[in-house]
Amino acid sequence: MSDEAFESLLSYVESELSFATSHYNDSYLDRRVSSRMRRTQSANYAEYFETLRNNRDEQEALLEALSINVTGFFRNPDVWDGIRDVLRCLSANNETVWVWSAACADGREPYSVAMLAHDDPQIDESSLRIVGTDISEPALETARNGVYEESRTVDFDDQLSFLDDASPYVERDGRTYRIDESIKRSVSFERHDLINDEPKTGFDLVICRNLFIYIDNEYKQPMLRTIARSLRQDGFLVIGKAETIPPTLKSAFSVRDARLRIYHREPLETNTLAREQPESNP
């Protein structure tokens with residue numbers, strides 16, 4: 001009965017609330033649903049399902065809980081050393097560099113890209129156009145505002161210590177951190193669902209980290225194919241350090257740095273990706 005109620009709940013979320021639960025690991029979904037059950041004091045899945053169907057606020061709360069929003073400024077600093085090298089290469093060889101931070105949560109990752117570009121004299125920050133996307137509207141609202149509140153479990157100064165001096169880019173007022181306008185101008189935000197929406201086009205670098213560890217294996221390939229179609233030939237992809245490119249997509253990417261999970265899209269392809277070239281900039 002419990003399993004049946006759980007499956008019915010997930011089916012409702014997918015069909016009525018347009019969140020593709022079928023693409024995610026059951027263990028991940030169960031953790032997020034169970035959290036909302038505790039908040040609503042629901043004794044079981046069936047009771048929570050009844051609450052969900054009759055409460056619009058709870059529907060929005062569950063969708064927000066299901067959105068993967070674990071992030072940070074310069075998360076995994078060694079990876080950012082690799083991203084710095086990629087940006088230097090792209091900036092040296094392109095008049096305009098388009099960067100897509102996919103599943104960016106509250107925007108700290110795309111802002112990190114902008115701060116890195118402004119801070120490194122070998123990167124022309126004026127050439128960068130950075131787009132951050134997510135499926136969570138509340139997270140995107142926070143991202144657009146560029147204002148972050150530090151908690152007892154989050155140390156923004158530690159995150160920002162990747163830079164020698166982050167003060168030109170982030171203003172601190174007690175526990176509140178505000179992104180400087182010079183950085184905000186480099187980044188735009190929009191809603192995009194990697195599972196259901198069409199590929200974007202014309203990006204030189206796509207950063208999509210720590211999303212695929214929550215996705216069932218059968219759905220990782222179409223999501224990565226969406227990303228691959230969004231990259232220009234010779235573009236770069238960065239995924240999470242615990243993630244890998246499926247063997248069926250190995251022909252689309254070569255490894256630039258295996259340890260940091262940085263890949264290079266092959267300039268010549270024989271699979272279906274070759275027939276879907278980007279037509280314009282984002």
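## The largest cavity

About 130 Å³ of space lies in the largest cavity of this predicted model, where a cavity is a set of points on a 1 Å grid, over the protein atoms alone, at which a 1.4 Å probe fits but cannot get out; grid points are joined across faces, edges and corners, and the volume is the space filled by probe spheres set on the points. Of the 13 residues that line this cavity, those closest to its centre are Tyr 24, Ala 103, Asp 134, Ile 135 and Leu 211, lining residues being those with an atom within 4 Å of a point. The count of cavities of 30 Å³ or more comes to 1.

The chain is divided into domain 1 (1–66) and domain 2 (77–265), with bounds from an automatic or database domain assignment, and the C-alpha centres of the two domains lie 29 Å apart. Contact, meaning heavy atoms within 4.5 Å, joins 10 residues of domain 1 to 11 residues of domain 2.

The area buried between the domains is about 980 Å², of which carbon and sulfur atoms give 53%; buried area is the accessible area (1.4 Å probe) that two parts lose on being put together, summed over both. In domain 1, the residues that lose the most area to domain 2 are His 23, Tyr 24 and Asn 25, together 55% of what that side buries.

## Basis of the values

Residues are numbered from 1 along each chain as its sequence is written, and side-chain values use heavy atoms, with hydrogens and water left out. Because the model is predicted, local features need pLDDT of at least 70 and side-chain atom pairs count only at pLDDT 80 or more, whereas totals for chains, interfaces and linings use all residues.

Notes. On a 1 Å grid over the protein atoms alone, a cavity is a set of points where a 1.4 Å probe fits but cannot get out, and a pocket is an open set with protein on both sides within 12 Å along at least five of seven lines; lining residues have an atom within 4 Å of a point.
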